[in-house]
Amino acid sequence: MSFDIAKVRKAFPILHEQVYNKQLVYLDNAATTQKPQSVIDVLSEYYQKYNSNIHRGVHFLSSHCTEATETARKKVQLFLRAAHAREIIFTRGTTEAINLVAQTFSQDHLKKGDEVVITRMEHHSNIVPWQMACERYGAKLKVVDIHKNGSLDLESYENALTDKVKIVAFAHVSNTLGTINPVKEMIEVAHSKNIPVLVDGAQSVQHTPVNVQDLDADFYVFSGHKIYAPTGIGVLYGKEEWLEKLPPWQGGGEMIESVTFEKTTYNELPFKFEAGTPDYIGAIALGAAIDFVEKIGIEQISSYEDMLLRYATDKIKTIEGIEIIGNANRKSGVLSFVVDGVHPYDIGVLLDKTGIAVRTGNHCTQPLHDWYGIPGTVRASFAMYNTKEEIDYLMEKLEQVLSMLR
Amino acid sequence: MSIETKQQEIVEEYSVFDDWMDKYAYLIEQGKELSGLDEANRTENNIINGCQSKVWLHADYKDGKIYFTADSDAILTKGLVAMVIRVYSNETPDDIINAEPWFIKEIGLEENLSPTRSNGLTSMLKQIKFYALAFKAKYGNA
Ligand SMILES: Cc1ncc(COP(=O)(O)O)c(C=O)c1O
């Protein structure tokens with residue numbers, strides 16, 4: 001089956017909108033993706049026909065929503081190739097999933113003098129929760145270096161994994177550099193020293209097939225909104241043995257088995273980590289987004305997006321004064337760049353006027369930008385619905401904008 | 001020239017542009033023409049952080065009037081800064097405190113005032129009023 005771009009674009013209503021009377025060219029997909037009609041339909045259909053709180057009512061609607069939520073969990077499990085649906089915890093997103101692990105893991109496994117390892121290319125979401133845990137328990141946060149081209153320094157990585165290290169956390173794909181880290185090998189190295197690993201999959205699941213069992217990841221997290229699902233829903237995958245071991249996080253309804261004022265016993269997985277009413281309709285819509293992705297095929301999407309990235313990379317290199325930030329051999333999804341003597345902010349504002357949405361700034365990876373010694377970059381990031389024509393338009397407008405600014 | 005007249009003047013200058021490119025080209029030109037700050041005043045203290053672009057603002061007080069100099073690392077912000085300085089500089093603290101920068105909306109650049117815009121302009125306008133209040137407190141209104 002071939003990739004039918006016209007058909008894909010048709011599925012996303014927002015792509016046919018205009019901004020400033022110009023056709024929208026949406027190239028900020030690493031921040032969030034647009035939603036296909038099928039996902040939007042699920043949201044309105046459930047609010048119109050089925051809405052009812054899950055896991056509590058015996059009535060028709062409640063059982064319907066409960067079942068649909070658990071079906072969605074199953075879809076996520078199969079999508080990530082996880083062993084069990086109970087290893088899938090619904091969260092608000094990547095950020096909440098990382099906080100959940102950082103806080104519960106550190107409670108029993110982090111003490112004074114221990115170390116936590118992350119990398120220089122992490123999103124603030126995969127820095128700050130660990131920093132907070134380290135501060136609380138007197139542990140140290142260690143940062144693995146990268147090479148100038150944006151690939152991880154694997155020697156620095158191995159050296160960082162000393163006896164004191166209790167957990168390692170890193171991105172599968174960098175949201176700023178696009179670097180695809182050699183996750184499987186990195187996990188193997190960590191496991192050879194009995195160190196568990198959390199993988200931040202916020203920029204990977206939408207671009208590349210992920211098999212958490214093959215990777216042997218202990219924790220793998222992502223956000224629904226970056227894979228064509230609504231905002232407010234995300235996923236924590238955790239190996240059953242780990243999720244059993246970790247203490248519960250937030251307390252509330254759903255996560256309990258029995259409550260007395262003296263003692264509460266906790267529910268089994270996955271509910272132990274889902275206190276309160278979850279965004280169940282968001283979860284059901286996430287299931288619809290995964291259906292959408294799988295119908296097209298994540299391999300197809302992946303090779304189409306790789307083609308776009310290569311095309312954009314080759315084209316932008318012909319523009320004078322452009323420096324691409326992030327030139328690793330294996331890249332996915334994003335093209336970040338700076339222009340000699342021109343502030344990224346100016347480029348972003350002027351491109352906006354032409355209907356092009358790109359991101360400018362530090363993309364929540366401030367330490368990485370500091371290391372490169374740049375205030376920010378312009379980032380074009382791609383999704384399955386972008387086209388070569390859009391890239392041509394970007395390049396044309398970029399040259400025009402640069403001629404105004406230089 | 002009063003703050004009011006200066007604002008009217010800017011609005012007139014912009015009234016000839018009907019296309020965004022010309023308008024922004026003029027904004028850029030104004031940015032390029034702003035001589036910026038003496039190195040001595042380009043200090044951490046004078047930075048107004050706008051998250052994406054930085055603004056430096058320095059104020060001097062002489063014979064009852066305030067003189068602003070400013071700069072930015074982004075040229076569009078610098079263009080806006082140049083206009084704001086032109087409007088508010090060389091005025092008394094009271095006049096500065098009482099004048100609203102209505103010209104920004106009038107020339108169709110009000111999106112730059114949105115607090116989410118993160119270019120430092122809103123903070124700069126606050127800082128200008130703050131300087132005026134501080135000088136007024138210190139020297140009274142001449
Ligand atoms: C690599 C990476 N990690 C974490 C996040 C945070 O995701 P969210 O804001 O959806 O929790 C992002 C999103 O920008 C990201 O790109």
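Hi everyone. Let me start with one definition: a residue counts as exposed when its relative accessible area is over 50%, and as buried when that area is under 20%. Keep those cut-offs in mind, and please remember that what you see is a predicted model.

Our opening example is A:Asn21. With a relative accessibility of 71%, A:Asn21 lies over the 50% cut-off, so we call it exposed. You can find A:Asn21 in chain A, in the loop that joins strand 1 (18-19) to strand 2 (22-23). Its backbone deserves a look too: A:Asn21 is not a glycine, and yet its phi is positive, at about 60°. As background, most residues other than glycine have a negative phi.

Now, a second residue of this kind. A:Tyr228 is not a glycine either, and its phi is positive, near 70°. This one sits in the chain A loop between strand 9 (219-223) and strand 10 (234-238). Is A:Tyr228 buried or exposed? Its relative accessible area is 1%, which is under 20%, so A:Tyr228 is buried.

One more backbone feature in chain A, this time a peptide bond. Most peptide bonds are trans. The bond from A:Leu269 to A:Pro270, however, is cis, and its omega is near -5°. To find A:Pro270, look in the loop between strand 12 (264-266) and helix 10 (280-296) of chain A.

Let's move over to chain B. How many helices and strands does chain B have? There are six helices and three strands, and along the sequence they come in the order α-α-β-β-β-α-α-α-α.

What about its overall form? A compact globule of 142 residues would have a radius of gyration near 14 Å, and chain B agrees with that, having 15 Å. Along the principal axes, its C-alpha atoms fill a box of roughly 45 × 30 × 25 Å. Of the 142 residues in chain B, 50% are buried. If we take the contacts in chain B with a separation of 6 or more, 64% of them link residues 24 or more positions apart.

Finally, confidence. The mean pLDDT of chain B is 90, and 93% of its residues score at least 70. Helix 1 (residues 3-14) of chain B is highest, with a mean of 97, and strand 1 (residues 47-50) is lowest, at 79. For the complex, the predictor gives an ipTM of 0.90 and a pTM of 0.94.

Conventions. Residues numbered from 1 in each chain as written. Chains lettered and ligands numbered in written order. Predicted model: local features only at pLDDT ≥ 70, side-chain atom pairs only at ≥ 80, totals over all residues. Heavy atoms only, no water. pLDDT = per-residue confidence, 0-100. Helix = DSSP H or I, 4+ residues; strand = E, 2+ residues; numbered from the N terminus. Rg over C-alpha atoms; globule rule 2.2 N^0.38 Å. Buried < 20%, exposed > 50% of the residue type's maximum accessible area, 1.4 Å probe, protein only. Contact = heavy atoms within 4.5 Å.
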